[in-house]
Amino acid sequence: MNVSLITQPQPKASEVASLDRAMLTHLQRLEAESIQIMREVVSECERPVMLYSVGKDSAVMLHLAAKAFYPSKPPFPLLHVDTTWKFKAMYEMRERMAKQLGFELLVYQNPDALARGINPFDHGSATHTDIWKTEGLKQALDKYGFGAAFGGARRDEEKSRAKERIFSFRSAQHRWDPKNQRPELWRLYNTRINKGESIRVFPISNWTELDIWQYIHLENIPIVPLYFSAERPVVERDGTLIMVDDDRMPLRDGETPMMKSVRFRTLGCYPLTGAVESTADTLPRIIQEMLLTTTSERQGRMIDHDQAASMEKKKQEGYF
Amino acid sequence: MAHQSTLIADDIEAYLKAHEVKSLLRFLTCGSVDDGKSTLIGRLLYDSKMIFEDQMAALEADSKRIGTQGGEIDFALLVDGLAAEREQGITIDVAYRFFSTDRRKFIVADTPGHEQYTRNMVTGASTADAAVILIDARKGVLTQSRRHSYLVNLLGIRHVVLAINKMDLVDWSEDRFKEIVAEYRAFADQIGIREFTAIPMSALRGDNITEPSARLAWYKGPPLLRWLEEAPLEDDLREKPFRMPVQWVNRPDLDFRGFSGFVAAGSVRPGDRLKVLPSGRESTVARIVTMDGDLPRAVAGQSITLTLKDEIDVSRGDILAAADAPPGVADQFETTLVWFDDEPMIPGRPYLMKLGARTVSARVNEPKYKINVNTLEHLAATRLELNEIGVCNLTLDAAIAFDPYVETKDLGGFILIDRLSNRTVGAGMLHFALRRSQNIHWQALDVDKPARSGQKGQKARVVWLTGLSGAGKSTIANLLEKRLYAAGRHTYLLDGDNVRHGLNKDLGFTEEDRVENIRRVAEVSRLMVDAGLIVLVSFISPFRSERAMARGLLNEGEFIEVFIDTPLLEAEKRDVKGLYKKARAGELKNFTGIDSPYEAPEQPEIRIDTTLLSAEEAAERIFAALAE
């Protein structure tokens with residue numbers, strides 16, 4: 001017997017009428033805007049691609065793309081710029097989602113980084129990120145000749161992103177010039193580029209972290225289990241909890257992995273991603289924890305700590 | 001206000017249920033550099049607890065280091081983003097901020113106040129539901145406040161707050177408040193702002209931002225945040241006739257043909273009769289398709305996919321509209337245009353215009369007038385410079401479906417794009433159509449271009465010789481025409497100097513006149529090609545965009561661009577007409593190559609290097625190329 005039928009009787013006609021007059025919710029408006037942007041890119045840009053990082057923002061992007069083009073399959077491939085240092089659970093998720101939603105999946109690993117064995121332990125987080133991600137992304141975009149790449153960046157993440165346009169223009173060298181971005185009025189996007197230039201497009205620019213979580217909750221979007229709390233082997237290093245995801249992680253003297261109930265608020269390369277101690281094992285509890293917490297999302301990601309305005313600098317160099 | 005921490009802690013499910021139905025308000029803040037705008041936004045973020053502990057720690061450190069509040073927390077530092085402007089201490093671009101309360105989510109467009117950045121303010125205003133105009137209580141209504149109010153009204157924002165800030169610096173004086181409100185009301189009436197709400201406040205001290213202030217007890221209205229939570233949204237957009245620009249034709253297989261777009265106005269249900277514009281064909285809505293199942297109804301603000309009952313031709317850029325109340329279709333409009341680019345708007349130059357999902361070629365006529373937004377005076381103008389606003393007529397090369405901007409923003413707001421730089425050079429709002437082009441049908445004639453050129457046994461086209469003065473264009477064109485004539489071809493030679501004696505004798509050598517000069521020659525060439533002739537055009541034609549325009553008037557393969565490539569040094573050495581000498585002496589203004597630019601063709605069909613070829617050889621080479 002279906003319990004929900006008893007507890008949730010059909011709405012009466014009068015209620016339907018009042019629903020009719022109801023304003024769109026903030027999530028409905030955000031969803032409509034993101035879909036409009038994706039359709040515009042597909043209609044006007046040559047060779048679009050969606051950058052896929054396997055994180056929660058990427059999960060929302062995939063879901064929006066599936067909705068935007070339904071019943072067609074999204075008319076562009078997914079590109080994962082891999083570092084070989086992601087969590088195992090992320091690789092599993094990547095394969096599963098691409099198959100489930102019918103995307104073509106491209107995985108790119110910078111051959112130079114591969115040959116030199118670049119890793120966060122021997123080369124440090126800055127070099128690791130620069131060579132695998134920044135350089136890898138440029139190489140991949142050049143290799144496939146993508147004219148437009150969807151990214152999941154949001155304006156609430158960091159100060160310099162608050163001024164980023166939805167369509168962000170890059171020179172043939174992939175450089176971002178903050179002085180030369182195009183004004184975006186109404187819902188009109190100028191997508192014209194010269195040969196060699198490319199566009200990064202951020203359809204979820206106007207979403208906040210809370211919006212993302214609420215949407216994942218409402219729409220039942222699958223996410224990597226690492227976001228949920230579980231007993232995991234971690235070591236505490238320089239004040240951060242690092243998960244020992246595989247045996248490539250060199251342990252320092254006196255370090256022994258201990259099992260702790262932890263989860264991740266943001267996902268990247270496992271040696272560079274700090275876990276938080278938590279017992280939040282459902283989406284509502286994750287959201288609850290997020291709302292009551294006192295540190296901002298990106299603190300778990302080490303890339304921001306290097307220097308003031310470092311994201312802005314990285315962006316000028318071609319990193320998202 | 002803010003998030004109810006107790007509910008979050010005690011019953012997160014109930015909290016989420018309540019927050020799923022929150023609405024969204026986008027608003028714009030505008031004010032002069034020192035009105036305390038960044039402080040106000042920082043305060044809203046802070047008071048709605050959108051600042052995390054680590055950000056707070058950074059803010060406290062920054063406040064001590066570079067703050068302007070003597071070590072106290074400087075909220076402005078929260079919102080000044082780019083490193084460059086942090087050093088300058090001013091905001092230089094539109095920044096978007098986010099916060100939410102229990103009732104609404106807010107997106108704030110923070111736009112700069114200083115003069116040279118009108119474009120950013122217009123950008124921020126285009127997507128805003130409401131505007132907060134800041135006034136420094138000590139200074140009252142400044143020129144900047146007038147400018148901002150004018151732009152807010154121009155962009156059609158109907159919910160306006162006059163935030164009279166820094167009340168702490170005028171002793172919380174009610175008299176001062178009333179004085180400013182009276183002054184502003186007079187101005188608002190003048191520009192047509194019908195309603196506004198004036199709120200006295202101190203963003204720095206936090207008075208009347210989220211809670212009523214005891215120090216402003218004489219003020220009985222809502223504090224700013226309550227006003228923002230209660231401002232009506234989208235008004236009657238949903239009650240208007242249905243409008244949806246078709247963004248994408250959704251065709252997964254032969255059995256499904258859907259039309260995807262963002263509903264710009266009105267609502268739609270299966271069974272509704274729709275008209276496709278500009279074609280005028282009609283059909284009935286079959287389904288509203290989504291991944292979560294078909295919808296019984298869709299409304300303005302949703303991205304949807306529709307299917308129709310009949311197989312009719314619909315493509316990207318078309319408008320689907322209520323059949324009983326369709327939008328107009330026209331190709332000439334009166335508009336208000338805001339210019340964004342360092343390079344001025346040149347009347348007659350073809351730009352790309354994007355409106356809805358349609359992109360067409362558009363020429364702007366000479367402005368009827370430009371507007372001094374500080375005094376609202378109408379001024380005569382021949383062009384529009386960066387950040388200038390003017391009323392101009394626009395002529396398109398194809399008819400489009402439209403609504404006046406005041407009716408439907410998405411069907412009346414447009415951007416202009418430079419064809420060569422690809423920059424967004426301007427934005428505008430359609431007022432009304434100058435004539436309905438459906439009444440003027442293109443006259444289809446029985447004797448047409450193929451018939452006329454066929455009779456002469458030739459392919460009609462334009463051979464366009466461009467190059468510096470003295471490059472040898474006329475000499476080569478003359479030889480080429482003789483060669484063609486001898487071969488039995490029917491030709492005509494349009495020469496720059498000759499045309500300027502007749503058809504174009506009213507034109508000078510300013511940039512505007514040169515554009516018009518080329519436009520006329522291009523149109524004459526088109527008529528002659530239509531008459532079946534081979535037209536030789538020998539004009540300096542220094543600007544790429546005008547040559548591109550001429551090319552655009554003709555069919556593929558009918559425009560042969562010949563670059564007579566002579567280095568400036570060489571042309572100046574020849575100086576057959578003695579013009580370079582005069583130009584160097586300052587007797588001739590706007591002389592190409594000296595004080596006016598020559599933009600060399602990037603991909604001409606034929607390039608003639610006159611340092612390597614004689615005029616005879618050049619003519620022969622072009623003749624051979626034409627024979628191919």
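A contact here means heavy atoms within 4.5 Å. In chain B of this predicted model, 72% of the contacts between residues at least 6 apart in sequence join residues at least 24 apart. For chain A, residues 24 or more positions apart account for 72% of the contacts with a separation of 6 or more.

**The two chains**

Chain A has 320 residues, and 58% of them count as buried. Its secondary structure consists of 10 helices and 10 strands. In chain B, 18 helices and 27 strands are found, and buried residues make up 57% of its 628 residues. The accessible surface is about 13100 Å² for chain A, with 50% belonging to carbon and sulfur atoms. For chain B the corresponding area is about 26400 Å², with 49% on carbon and sulfur atoms.

**Helix contacts between the chains**

Two packed helices are described by the angle between their axes and the distance between the axes. Helix α2 of chain B (residues 12-20) packs against helix α8 of chain A (residues 209-219), and α2(B) also packs against helix α9 of chain A (residues 283-292). The table gives the geometry of each pair.

| Helix pair | Angle between axes | Distance between axes |
|---|---|---|
| α8(A) and α2(B) | about 100 degrees | 11 Å |
| α9(A) and α2(B) | about 85 degrees | 10 Å |

At about 100 degrees, α8(A) is roughly perpendicular to α2(B). On the α8(A) side, the residues in this contact are Gln214(A), His217(A) and Leu218(A); on the α2(B) side they are Glu13(B), Leu16(B), His19(B) and Glu20(B). Sorted by class, the contact has 2 nonpolar, 3 polar and 2 charged residues.

For the second pair, the angle is about 85 degrees, and α9(A) is likewise roughly perpendicular to α2(B). Here Pro284(A), Ile287(A), Gln288(A) and Leu291(A) meet Ile12(B), Glu13(B), Tyr15(B) and Leu16(B).

**An enclosed helix in chain B**

Helix α3 of chain B (residues 37-47) is largely enclosed by the rest of the structure, because 10 of its 11 residues are buried. The buried residues are Lys37(B), Ser38(B), Thr39(B), Leu40(B), Ile41(B), Gly42(B), Arg43(B), Leu44(B), Leu45(B) and Asp47(B). Their cover includes the strands β1 (23-30), β2 (95-100), β3 (104-110) and β4 (130-136), together with helix α9 (224-230), of chain B.

**Two buried residues in chain B**

Thr466(B) lies in strand β23 (residues 461-466) of chain B. Its relative accessible area is 0%, so Thr466(B) is buried. A polar atom of the Thr466(B) side chain lies 2.8 Å from the backbone oxygen of Ile540(B). Leaving aside residues up to four places away in sequence, Thr466(B) touches a set of residues that includes Lys473(B), Phe539(B), Ile540(B), Arg547(B), Glu561(B), Phe563(B), Tyr598(B) and Pro601(B).

Ala550(B) belongs to helix α15 (residues 544-553) of chain B. With a relative accessibility of 2%, Ala550(B) also counts as buried. Beyond residues up to four places away in sequence, Ala550(B) touches Trp464(B), Ala522(B) and Phe559(B). Leu612(B) is 62 residues from Ala550(B) along the chain, and the C-alpha atoms of the two are separated by 29 Å.

**Backbone exceptions**

Most residues other than glycine have a negative phi, and most peptide bonds are trans. The following residues depart from these patterns.

In chain A, the peptide bond joining Tyr70(A) and Pro71(A) is cis, with omega about 5 degrees. Pro71(A) sits in the loop between α4 (56-69) and β2 (78-82) of chain A. In chain B, the bond from Leu277(B) to Pro278(B) is cis, and omega is near 10 degrees. Pro278(B) is in the loop between β10 (273-277) and β11 (282-289) of chain B.

Asn208(B) is not a glycine, yet its phi is positive, near 65 degrees. Asn208(B) is placed in the loop between β6 (197-200) and α9 of chain B. This residue is buried, with a relative accessible area of 1%. Asn387(B) also has a positive phi, about 70 degrees, and is found in the loop between β19 (377-379) and β20 (389-402) of chain B. The relative accessibility of Asn387(B) is 12%; buried means under 20%, so Asn387(B) counts as buried.

Key:
Residues are numbered from 1 along each chain as its sequence is written. Chains are lettered from A and ligands numbered from 1 in the order in which they are written. This is a predicted model: local features need pLDDT of at least 70, side-chain atom pairs count only at pLDDT 80 or more; totals for chains, interfaces and linings use all residues. Side-chain values use heavy atoms; hydrogens and water are left out. Helices (H or I, at least four residues) and strands (E, at least two) are DSSP runs, numbered from the N terminus. Buried means under 20% relative accessible area, exposed over 50%, partly exposed in between (1.4 Å probe, protein chains only). Accessible areas come from the Shrake-Rupley method with a 1.4 Å probe; for residues, only the protein chains shown count as cover. Axes are lines fitted to C-alpha atoms, for helices over the stretch in contact, and angles run from 0 to 180 degrees between N-to-C directions. Angles under 35 degrees count as roughly parallel, over 145 as roughly antiparallel, 65 to 115 as roughly perpendicular and the rest as oblique. Ala, Val, Leu, Ile, Met, Phe, Trp, Tyr, Cys and Pro count as nonpolar, Asp, Glu, Lys and Arg as charged, and the others, Gly among them, as polar. A polar contact is a pair of N or O atoms within 3.5 Å; within protein, one must be able to donate a hydrogen and the other to accept it, and residues adjacent in sequence count only if both atoms are side-chain atoms.
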